[in-house]
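Work through the exercises below with the model open. Each task is followed by its solution.

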Amino acid sequence: MKCRKCGGKAAFNMRQHKLALCKEHYLEWIPAQTERFIEKYRMFTHDEKILVAVSGGKDSLSLWDILWKLGYHADGLYLALGIDEGIGYSDESRRLCEEFASKRGLTLHVVDVLGDYGHTIPDLARSTHRGKDKPCSVCGLVKRHEMNRIARDFGYDVLATGHNLDDEAAVLFGNTLRWDGEYLLRQGPVLPAAPGLARKAKPLCRFCEREMAAYALLSGIEYIYDECPFAVGSTSIYYKELLNDLEHERPGAKLSFYLSFLEAKKKGLFAEQREETTAGLNVCQQCGQPTSALDLCSFCRMMGVGV
Amino acid sequence: MSVKLILRDKEYEVKAGMTLLSALKKTGIVPESVIATRDGELITEDEILQDGQVVKLIAVISGG
């Protein structure tokens, strides 16, 4: 297979785009496309401060690498969640993030959840009602809260995450199976800022997971290959496998599913059922973040009293 | 006359002379879920696999 741009040996083929590229042209194509998506969806500008949430995985480290190469002011945030499970998962992912930042001279914020709050994710999964049989639920709550806290405390304009097309299509698939109107309305490449909540952007939302793995490998980015031990067997991975079966038979199905959804949303197919702003929300008495509760937000209640 | 495919801790053997895509189908691996490398280089699905080659497959699905 030959590179469409130079005729040299192709390193990677994207059947959905009918496009094969050599290493050199692939490593140019991905950042150029990312820049195009950032502009198209008005995610952020070169004048803004970006906080990139990094996990040590291929997507988030590739995103940080791309933003850095494109000249954005992008710092990193790593959350040490205390996941060991016999393989030292958090320690290894932290090492990879720190090494990535150090090699490029970039700023990395590290939040140690155990040091700051006295609990690890596995502790919380075992000891709380929320975490019972659902460690990913606890983890999601901690990540959302802490990413938003650091973005606000350090004055970042936007929080960027490495969600790729497979992530977005799997979430969309799940929300569609349940016809969850509220979640469907909130899903998109950008979630605007609201009182107490930082703007969120997903610059990789149109790239397949496989494309991001190819970018990381061809760029020589060292990332953690192991899956989070708690994610094994998760529903989102099951949906991704189903969608990959579909993609294999119908190249472009995942992208079409996601883009058609965005188009439908733009045309008003999904009507708001209630106020989507945080105007009706209260302020957590402990951390100051928005909450639907009258006193403490879910995060502070979980960390403080272990409900 | 065989080629070895390695995915995580599993090994598969296929006949030499087939394409990577055919080899993946033969072993029941969904091509969209992996990236194939040989001697550290990425290879595309039309690559014809030669006797004695070892192809390392990298799983790309992540999440939770």
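Two strands pair if DSSP finds at least two bridges between them. Helices (H or I, at least four residues) and strands (E, at least two) are DSSP runs, numbered from the N terminus. This is a predicted model, in which local features need pLDDT of at least 70 and side-chain atom pairs count only at pLDDT 80 or more, while totals for chains, interfaces and linings use all residues. Residues are numbered from 1 along each chain as its sequence is written, chains are lettered from A in the order in which they are written, and side-chain values use heavy atoms, without hydrogens or water.

**Exercise 1. Trace the sheet of chain A.**

Step 1. Order the strands. The open sheet of chain A has six, running β5-β4-β3-β6-β8-β7, with mixed pairing.

Step 2. Find the edges. β5 (108–112) and β7 (190–191) of chain A each have a single partner strand, so one side of each lacks a neighbour in the sheet.

Step 3. Check one pair. β3 (residues 49–54) and β6 (residues 158–160) of chain A are parallel and share three bridges. Here A:V52 stands opposite A:A160 of β6(A).

Step 4. Contact means heavy atoms within 4.5 Å. Axes are lines fitted to C-alpha atoms, for helices over the stretch in contact, and angles run from 0 to 180 degrees between N-to-C directions. α2(A) lies across β3, β4 (73–80), β5 and β6 of chain A, at about 155 degrees to β3(A). Helix α6 (residues 135–153) of chain A lies across β3, β4, β5 and β6 of chain A, at about 140 degrees to β4(A).

**Exercise 2. Characterise the interface between chain A and chain B.**

Step 1. Count residues. Chain A gives 30 residues and chain B gives 20 residues.

Step 2. Take the area. Buried area is the accessible area (1.4 Å probe) that two parts lose on being put together, summed over both. The two chains bury about 2,100 Å², 57% of it on carbon and sulfur atoms. A:M1, A:R210 and A:H248 supply 26% of the area that chain A buries against chain B, more than any other three residues.

Step 3. List the charge pairs. A salt bridge puts a side-chain nitrogen of Lys or Arg within 4 Å of a carboxyl oxygen of Asp or Glu. Chains A and B share two salt bridges. One of them joins B:E47 and A:K9 (3.0 Å, N to O).

Step 4. Assign elements. On chain A, β1 (12–14), α2 (58–69), α9 (209–219) and α10 (235–249) each give two or more residues to the side that touches chain B. α10(A) gives the most, with eight residues.
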